[in-house]
Amino acid sequence: MRIHCKVVVIAVCFGVFLLLYFLGGNAADDPLLKEVGEEKNGNSSPSPPELGRDVAPKFARKSSARAAVRAEEPLKRRKEGKAITRGDGVNAKSKPRSNVARPVTKRTQAEEVMHLAVVACGNRLDETLTMVKSALLFSLKRIKFHIFAEDPLAPQFAERLDQWPRSVSAKFQYSIYPITFSVGDADEWKKLFKPCAAQRLFLPVILKDVDSLLYVDTDVLFLRPMDDIWSLLKSFNSTQLAAMAPEHEVPKIGWYSRFARHPFYGVTGVNSGVMLMNLTRIRSTRFKNSMIPSGLLWEDLLHPLYQKYKNHITWGDQDLLNIIFHDNPECLFIFPCQWNYRPDHCMYGSNCKEAEEEGVSILHGNRGVYHDDKQPAFKVVYDAIRDFPFEDNMSQSLFYPIQTKFLDTVNTLCGRIPQVFLKQIEKTMRKVFEQKVIRHVRPHQ
């Protein structure tokens, strides 16, 4: 019996020895191990495991070098006519730079990014940042901001945006561009109507890698997700390439219908403070005009059109857009006034039916109403969003203060219809609550 056991043990040990020998022999022929062995001898490039070990020290060296030039970089880039970029986005003039290394996954590859452009000059820093903040508070998809700013404002934008909490910065990317005009006299364009406002005309030319874009003025506030107006791109027919709201709802008191000395779109003209664009279509379309029978591409049309009408226009680039779409009405999609709600819609009596029914979606505080007491209803909303701390409870620190302060405006022209201002905010708050709380609780339950 003992002899039998010894034979079994010897056989098992011999079998294990053969197995190890067999595996060791095959491993020597493994291509991956050969690459590692050759790399140590300097015969090949790093294999995937070796790359994994090198990432941390290389990233550390690059980070320290980047920190040394960070203070000088924005000014240098702008002198070269390039954009200052943060995040994962791609822009026409510079390669993207990210502060955080993010793994590439199927989800991020398929994720749609919305593009929003704004032009800021003079003292519009805080107003622009409040607009950006409003877009981030309510929107669901990631947003890429294209900020066109004068040189003194560019580093201030970068500094302020980079100070926002990480939970917020994960929702957006941004690029900051210098003010540039590709045709005509730059000084003349810059002084057209308001400082730098004409820059919006050149967005299709500058942002060549962007397919679609929402442009807004600095004095715009989102009261519902940007996703909702972005989805209107899917409503365009085959000829439509831009969308705007009417300048006025009542022709008898509209500016264009009473005073314009040039062609304009439709009965009351359009307002360009909120403009949704398919840039790819704009770049490829030949626009009908009163100068060249064969039509002109967008970039070729702007300067001759301005030269023809410059003594007849009052509202600068908006007038030029009205002339273009007067000649090409099939190219324009009209969205209702709730997407560009201005003091004109309430200071002469409530005349935006869509806002009365659904509430204001985008608030446009033109006429400087965020900064004076002429229309306190607009100022209440602006102040509340500007002062709201990002990580506070939105219902307690945003909606209720607006609701409470509106009581002081009920005797004013626009304050007497508080439901118009509050309806969409309340609906959006509920939607945000469902997104952040209810859907996260259900899996645990």
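**Surface and fold of the predicted model.** The accessible surface of the protein chain in this predicted model comes to about 23100 Å². Carbon and sulfur atoms account for 56% of that surface. Of the 445 residues, 47% are buried. The chain has 19 helices and 12 strands.

**Close-up of the largest nonpolar core.** This core holds 78 residues. Phe145, Phe222, Phe335, Tyr341, Leu363, Leu398 and Phe421 touch the most other members. Helix 6 (residues 125–138) gives the most to the core, with 8 residues. Domain 1 (114–335) and domain 2 (343–441) both contribute residues, so the core lies between them. Apart from it lies another core of 47 residues, including Trp189 and Leu296.

**Close-up of the Cys121–Cys196 disulfide.** The sulfur atoms of cysteine 121 and cysteine 196 sit 1.8 Å apart. The S-S torsion is about -95°, so this disulfide is left-handed. Cysteine 121 lies in the loop between strand 2 (113–120) and helix 6, and cysteine 196 in the loop between helix 9 (186–190) and helix 10 (203–206), so the bond ties together parts 75 residues apart in sequence. Both cysteines are buried.

**Close-up of the Cys337–Cys352 disulfide.** Here the S to S distance is 2.0 Å. The torsion of about 100° makes the link right-handed. Both cysteine 337 and cysteine 352 lie in the loop between strand 11 (332–334) and helix 16 (353–358).

**Close-up of the Cys346–Cys414 disulfide.** The sulfur atoms of cysteine 346 and cysteine 414 are 1.9 Å apart. With 85° about the S-S bond, this link is right-handed. Cysteine 346 is buried at 1% relative accessibility, and cysteine 414 is buried at 0%.

Notes: Residues are numbered from 1 along each chain as its sequence is written. This is a predicted model: local features need pLDDT of at least 70, side-chain atom pairs count only at pLDDT 80 or more; totals for chains, interfaces and linings use all residues. Side-chain values use heavy atoms; hydrogens and water are left out. A nonpolar core is a set of buried Ala, Val, Leu, Ile, Met, Phe, Trp, Tyr and Cys residues joined through side-chain atoms within 4.5 Å. Buried means under 20% relative accessible area, exposed over 50%, partly exposed in between (1.4 Å probe, protein chains only). Helices (H or I, at least four residues) and strands (E, at least two) are DSSP runs, numbered from the N terminus. Domain bounds come from an automatic or database domain assignment. Accessible areas come from the Shrake-Rupley method with a 1.4 Å probe; for residues, only the protein chains shown count as cover. A disulfide is a pair of cysteine sulfur atoms within 2.5 Å.
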